[in-house]
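I opened my notebook on this structure.

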Amino acid sequence: REAEAVEYAARAVAAARATLHAGDGRLQRASLAAALGRLGELHMRAGRPAEALPYFAEAIPSLDAVRAQTPDDEAATTNLIAALNWLGDAQATTSDWAGARTSFERTTALTRARLESAPGNAPARADLGASLMKLGQSINGSGDAEAARAPLEESLAIARIQAAADPGDAALRRQLAARLLLTAQVQAALGEASAETLAEAIAAARLQTQNEPAGVTAKEVLADLLAANAARLRRAGDFTGARTAWRDTAQALRELRASSGANAPNSAAALAVALENVGEASARLDDTSGALSAYGEAIRMRRAALEAAPQDKAARASLAQILHTVGLARARADNAAGARAAFDEAARLRVALAAEDESDSAIASLAVDSLRSLAEAQQAANNTEGARRSLETARALLTRLTQANPDNTRYAAALRRTEATLRATPASDE
């Protein structure tokens with residue numbers, strides 16, 4: 001049936017093209033644009049945006065010409081807006097963000113002019129709100145969150161007016177929720193989301209996950225918003241609130257992981273980040289037990305992420321970082337054996353990474369930190385031989401660092417301290 005519809009629409013396009021010649025009237029152009037639009041829509045509805053694109057692109061000049069001949073014809077403007085919306089949707093679906101932005105800038109200008117000519121026209125306001133939302137999405141899709149903020153915020157303001165005018169309209173409530181989520185996500189990416197906007201967006205996202213319990217995208221959005229709220233609280237120094245928010249984030253990510261599968265891209269790593277933040281907030285609140293519990297689950301997630309990508313250097317570095325952090329927490333909790341084990345694994349990972357890329361001064365410096373912490377823990381356990389091995393490895397790394405960075409006073413000072421500690425640490429045969 002769909003193939004027949006496409007074939008029929010293609011014949012209509014061919015017939016309309018045959019009747020169109022230079023100087024032909026608006027009816028021929030309007031007919032060609034309508035036929036092209038119909039064929040493009042069929043491809044879009046069948047999930048073929050790349051095939052739809054050229055038909056919408058071809059329709060626009062004809063519609064521009066029709067509108068130029070009769071600028072006061074509302075139907076001509078409506079048809080042009082509809083075609084530009086279809087073109088922008090096809091461009092966005094194929095990740096042509098620059099093209100989509102151009103298309104939606106035109107629809108925004110057209111719908112704004114229409115509303116300015118009739119300020120009380122509710123459908124015109126709705127059309128402007130929809131155009132602004134699509135414009136903001138296309139700009140954000142290109143990676144420019146700063147430029148996306150203004151159209152999304154204006155779109156949200158229009159959605160609020162519409163929802164307030166008809167509180168019982170479920171479609172308007174869903175539209176408001178969608179725009180809240182988009183606006184809050186962009187604001188959060190800029191680190192500027194307000195508590196009120198985030199709270200409202202989180203409530204909308206929770207409702208969306210309840211309405212779509214199997215929906216992965218809704219869970220991803222909720223987790224992102226919860227994380228943005230947690231980060232906002234942390235920046236404000238509210239570690240109690242931040243810990244609660246990070247726990248909520250972790251739970252949302254667990255549910256997302258359960259929905260999308262344990263091997264979903266970055267699911268384990270994302271959950272690890274949330275858990276690490278729970279641990280950090282707990283440590284700030286002097287809750288060592290709570291910190292260690294969160295860190296323990298984070299380590300399991302980091303191991304899962306590394307198992308999925310064994311050669312991923314970032315995954316190995318992240319596992320080393322949480323292991324080192326756990327070593328410090330265990331040492332504070334007087335768990336000497338646990339601290340040594342954590343420092344030992346962290347040091348091994350970091351030393352291996354430093355050996356793989358000798359130009360990476362940062363990982364070499366972190367390896368020194370883990371080696372020195374390990375040596376201290378080994379000395380406390382009377383493992384002098386082990387402590388010397390750790391310090392000697394640290395000295396070798398620091399020697400390399402100072403040679404590569406002769407003006408770095410921090411590396412030079414660390415090398416002097418390490419050499420002094422080595423001199424004070426007797427060899428096993430002394």
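Which residue just after α10 takes a positive phi? I found Gly 237, with a phi of about 80 degrees. Before going on, I noted that the model is predicted, that local features need pLDDT of at least 70 and side-chain atom pairs 80 or more, and that totals for chains, interfaces and linings use all residues. Residues are numbered from 1 along each chain as its sequence is written, and side-chain values use heavy atoms, without hydrogens and water.

I looked up α10 itself. Helix α10 covers residues 216–235 and has 20 residues. Helices here are DSSP runs (H or I, at least four residues), numbered from the N terminus. The buried residues of α10 include Val 221, Leu 222, Leu 225 and Leu 226. Buried means under 20% relative accessible area, exposed over 50% and partly exposed in between (1.4 Å probe, protein chains only).

Next I checked two loops. Asp 286 has a positive phi near 60 degrees and is in the loop between α12 and α13. Asp 286 counts as exposed, at 70% relative accessibility. Asp 334 also is not a glycine, yet has a positive phi of about 65 degrees. Asp 334 is in the loop between α14 and α15, and is exposed at 71%. Most residues other than glycine have a negative phi.

Last, I took the pair α11 and α12. Their axes come within 9 Å and cross at roughly 160 degrees. That makes α11 roughly antiparallel to α12 (angles over 145 degrees count as such).

How values were computed:
Expected span 1.5 Å × (residues − 1). Axes fitted to C-alpha atoms, helices over the stretch in contact; angles between N-to-C directions. Parallel < 35°, antiparallel > 145°, perpendicular 65-115°, else oblique.
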